[in-house]
Amino acid sequence: MVRPRKNGRLPSPPIMVVDVSLYRSFCFRGEGRANIVISAKHRHTNNRIVWRFAKTRKSGELSLKTKSMVVGEFMETMVSPLLHSNYLVKPRTVEMRVEDVHQLAKIPKLEANSKVEDISELESVCSSISLLPLPSIPQFTLGSDIDNLSRDVGCNVEKRYMPVIE
């Protein structure tokens with residue numbers, strides 16, 4: 001039996017790590033003040049999924065300091081009750097490899113209405129157009145530094161994953 005936390009809520013399920021190679025037909029769906037939205041189709045089920053990547057307001061680049069958990073909780077507590085379940089899919093926070101996010105972050109800079117059929121197509125696209133420049137991600141080798149950085153930026157730097165709302 002799962003016991004509620006002290007705040008009365010059930011513990012969150014473990015965060016799923018998304019294997020981007022299981023998806024195809026990547027499309028840029030839009031951009032707001034706080035997010036960039038990219039969709040993709042699952043190769044086996046053909047279900048279309050939407051990923052919401054947090055960005056910084058000043059630079060417009062993707063942010064490692066995401067508020068994915070807060071946004072997900074806001075959607076669940078404030079928005080979901082206003083809409084019938086037929087109109088809203090419950091969001092969840094997932095993790096993706098930073099290298100995959102770097103590749104996906106190139107899509108908004110491609111020609112309008114571009115569709116990328118396979119993630120491998122993005123490897124030949126110039127890295128400098130990515131909204132998640134890899135040189136901006138600190139590289140640490142000491143365990144304590146990795147733990148501190150993971151806590152500071154909100155992603156698992158050791159495994160090189162970052163949270164995304166799906």
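**Strand S2 and its surroundings**

Reader: Which strand is joined to strand S2 by six bridges?

Author: In this predicted model, S2 covers residues 23-31, and its partner covers residues 35-42. The two strands run antiparallel, and a hairpin of three residues connects them. The strand joined to S2 by six bridges is S3.

Reader: Which residue in S3 is the bridge partner of Phe28?

Author: S2 and S3 are antiparallel, and one of the bridges can be named by its residues. On the S3 side, the partner of Phe28 is Ile38.

Reader: With which strand does S2 pair over two bridges?

Author: S2 has six bridges to S3, and another pairing is made with residues 115-116, also in the antiparallel sense. There, Phe26 has Val116 as its bridge partner. The strand that pairs with S2 over two bridges is S6.

Reader: With which side chain does the side chain of Arg24 make a polar contact?

Author: Arg24 lies in strand S2. Beyond four places in sequence, Arg24 touches residues including Ala40, Lys41 and Arg43, and Val116 and Glu117 are also among its contacts. The polar contact, at 2.8 Å, joins the side chain of Arg24 to that of Asn46.

Reader: How many aromatic pairs does a search of the whole structure find, and what is the angle between the planes of Tyr23 and Trp51?

Author: The search of the whole structure gives two aromatic pairs. In the pair of Tyr23 and Trp51, the centres are 5.0 Å apart. The arrangement is edge-to-face because angles over 60 degrees count as such, and here the angle between the planes is 75°.

Reader: How many residues apart are Tyr23 and Trp51?

Author: Tyr23 belongs to strand S2, whereas Trp51 belongs to strand S4, residues 48-54.

Reader: Are Tyr23 and Trp51 buried or exposed?

Author: Ring pairs link these two residues and Phe26 into a cluster. Both Tyr23 and Trp51 have under 20% relative accessible area, so they count as buried.

Reader: Where in the chain is confidence lowest?

Author: The mean pLDDT of the chain is 75, with 70% of its residues at 70 or more. Confidence is highest in S2, at 92. Over residues 140-159 pLDDT stays under 50, and the model has 24 contacts beyond four places in sequence for that stretch. The lowest mean, 37, belongs to residues 143-153, helix H3.

How values were computed: Residues are numbered from 1 along each chain as its sequence is written. This is a predicted model: local features need pLDDT of at least 70, side-chain atom pairs count only at pLDDT 80 or more; totals for chains, interfaces and linings use all residues. Side-chain values use heavy atoms; hydrogens and water are left out. Two strands pair if DSSP finds at least two bridges between them. Helices (H or I, at least four residues) and strands (E, at least two) are DSSP runs, numbered from the N terminus. A polar contact is a pair of N or O atoms within 3.5 Å; within protein, one must be able to donate a hydrogen and the other to accept it, and residues adjacent in sequence count only if both atoms are side-chain atoms. Contact means heavy atoms within 4.5 Å. Rings of Phe, Tyr and Trp (its six-membered ring) pair if their centres lie within 6.5 Å; planes under 30 degrees apart count as stacked, over 60 as edge-to-face and the rest as tilted. Buried means under 20% relative accessible area, exposed over 50%, partly exposed in between (1.4 Å probe, protein chains only). pLDDT is the predictor's confidence in each residue, from 0 to 100.
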